[in-house]
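Dear colleague,

I am passing on the structure we spoke of, followed by some notes on what I found in it. Please keep the model open beside this message as you read.

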Amino acid sequence: MFVLTSSQMREIDRKALHVIGIPEVVLMENAGFCVFEEIKKDFGELKDKNIAVFCGKGNNGGDGFVVARYLAQVCPNVKVFLFDENVTLTSKVFLDVLKKLEVDISILSEELLSSLKTQRFDIIVDAIFGIGLSKDIEGLYKKAIEYINSSGAYVYSVDIPSGICSDSAQVKGCAVRANKTVTFVYPKIGHILYPGSYYCGKVIVKDIGIPEKIIKDIKVKILTVEDLDVSKFYRYPDSHKGDYGKVGIVAGSKYYPGAAVLCSNAALQSGCGLCYLITPKEALYFQNFRRPEIIVLPLEGKEGVISFDGFVKFDEFFAKFDVLGFGCGLTKNEEVEKILIHILENFQIPIVIDADGLNTLSSSQKAKKLLASYKSQKVLTPHYMEAARILNVDVKDIAKNPIDAATKIASEFKAICVLKGSRTIITDGDEVFINVLGNPGMAKGGSGDVLTGIILSMIAQGCSAFEAAKLAVYLHSLSADILLEKKTMQTILPSEIIDGLDNAIRRLIKG
């Protein structure tokens, strides 16, 4: 499913009007009816309900006028609260209809808002601001939104909760907390990313009669099964381990031995034929948790951390690998930087860089330049803080616009970027996929190491880097969601996500 920006939605509306010839009043009528339809479906009989419709002066308010008209036909207790009678021309058509039908319409003031605190509404329709909001809300609008949130009514937002930026999902000063949001054509970024998603409640997407043929060049999508190529999961009866790829993983230290174990276990469990773990000898004390099928190449470390001299002794193995993982639990120091530069200068195999590999990359200009010119496939898997270091910005800037951050990283390094978060974003710098699966039970140290292992395994089995990233993110989250069917979020462990990959793959294949 596509996800739209406000400018894309405006362009779609423009084409519907000027290219196809669908009048704006028709689209507004359809939008308002869709919201009414949803209210009627939820509540059934409405004649005994007290309903308030708050309408702004833009086209979102016009949608609200249409909703109010339909509600007034089945309910005698509908009140419309208007901020300003100077509405858009299209909205005025429907406001005039309401007046002729003698629907109860009031111009809002602070005094009126105060008096509403003594009234009880069962349902409130929020049609104050639509998807074009760009500045912070203040004054009477702010007080109205605060009233709506404190009213105890069941709240429907038209298109998007007033106060949520459609393009960034950020709260513009304050925002309506809706129980249900009815949006049109496709969801917007503000519905999908947080914190906007919190405010939307349940999001319902409605068709308002815009032809699919004019919806083109949309680059952002919600990641679904239809976007995944599951053909690589099929295995021919006469296949052997070499057919499913060799994964090399450079990971671990005496401080973080578990990161190496989780990454390599995940790679093996998700189907690669062979998995080699290159790790300092000092990290081997933790290896009783490692799957026995993993081939360990222990190297001489320096104070429990990987060393350059120890690493280069294993250069010959790199000719065997179909993909290389670098970074999980290595720590950040000069030795790690030297090894990363050595790899980028001397080898051309697909590489997945995570954790301390990313932290090293962020502080090494040489490594950045080498990675940008590295010819083979590349996947970078930062969380928000790592992305902030790479882009040299504040982490708050990443949170405000994660899609922009992910595409910048992907474009700068000509790589696939997997920006990890509550809504993980996968992009090649052009197309963007937003993962909506997963749950807060994944918010534990080690979850990222597991994801890296799955990505490595998918590449080893013949997926492109982009396809591998999409498949891995989906499987990783699906496994956690399946665990949630029997466990609480608090007790889900990254190691259990690995064990749950069997059920996740089964469910994915079955569709």
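I begin with a helix pair: Leu361, Ser362 and Ser363 in helix H12 are in contact (heavy atoms within 4.5 Å) with Gln365, Ala367, Lys368 and Leu371 in helix H13. H12 covers residues 356-363 and H13 residues 365-373, and they pack at an angle of about 105° with their axes 5 Å apart, where axes are lines fitted to C-alpha atoms, for helices over the stretch in contact, and angles run from 0 to 180 degrees between N-to-C directions. That makes H12 roughly perpendicular to H13, a term used for angles of 65 to 115 degrees, with those under 35 called roughly parallel, those over 145 roughly antiparallel and the rest oblique.

Please note that this is a predicted model, in which local features need pLDDT of at least 70 and side-chain atom pairs count only at pLDDT 80 or more, while totals for chains, interfaces and linings use all residues. Residues are numbered from 1 along each chain as its sequence is written, and side-chain values use heavy atoms, with hydrogens and water left out. Helices (H or I, at least four residues) and strands (E, at least two) are DSSP runs numbered from the N terminus.

Turning to the sheet, 10 strands form an open, mixed arrangement in the order S8-S19-S18-S17-S16-S15-S14-S9-S10-S11, two strands being paired if DSSP finds at least two bridges between them. S8 (220-222) and S11 (295-299) stand at the edges with a single partner strand each, so one side of each is left without a neighbour in the sheet. Neighbouring strands of this sheet are turned by 15° against each other on average, direction ignored.

Within that sheet, S14 (residues 323-326) runs parallel to S9 (residues 246-250), joined by 4 bridges, with Val250 opposite Phe326. S14 also pairs in the parallel sense with S15 (residues 351-353) over 3 bridges, and there Leu324 has Ile351 as its bridge partner. From S14, Val323 and Gly325 point one way and Leu324 and Phe326 the other, and all are buried (under 20% relative accessible area; exposed is over 50% and partly exposed in between, with a 1.4 Å probe and protein chains only).

Finally, Ser162 lies in the loop between S5 (154-158) and S6 (180-184) and is buried, with a relative accessible area of 0%. The side chain of Ser162 reaches the backbone nitrogen of Phe129 at 2.8 Å.

Note on methods
A polar contact is a pair of N or O atoms within 3.5 Å; within protein, one must be able to donate a hydrogen and the other to accept it, and residues adjacent in sequence count only if both atoms are side-chain atoms.
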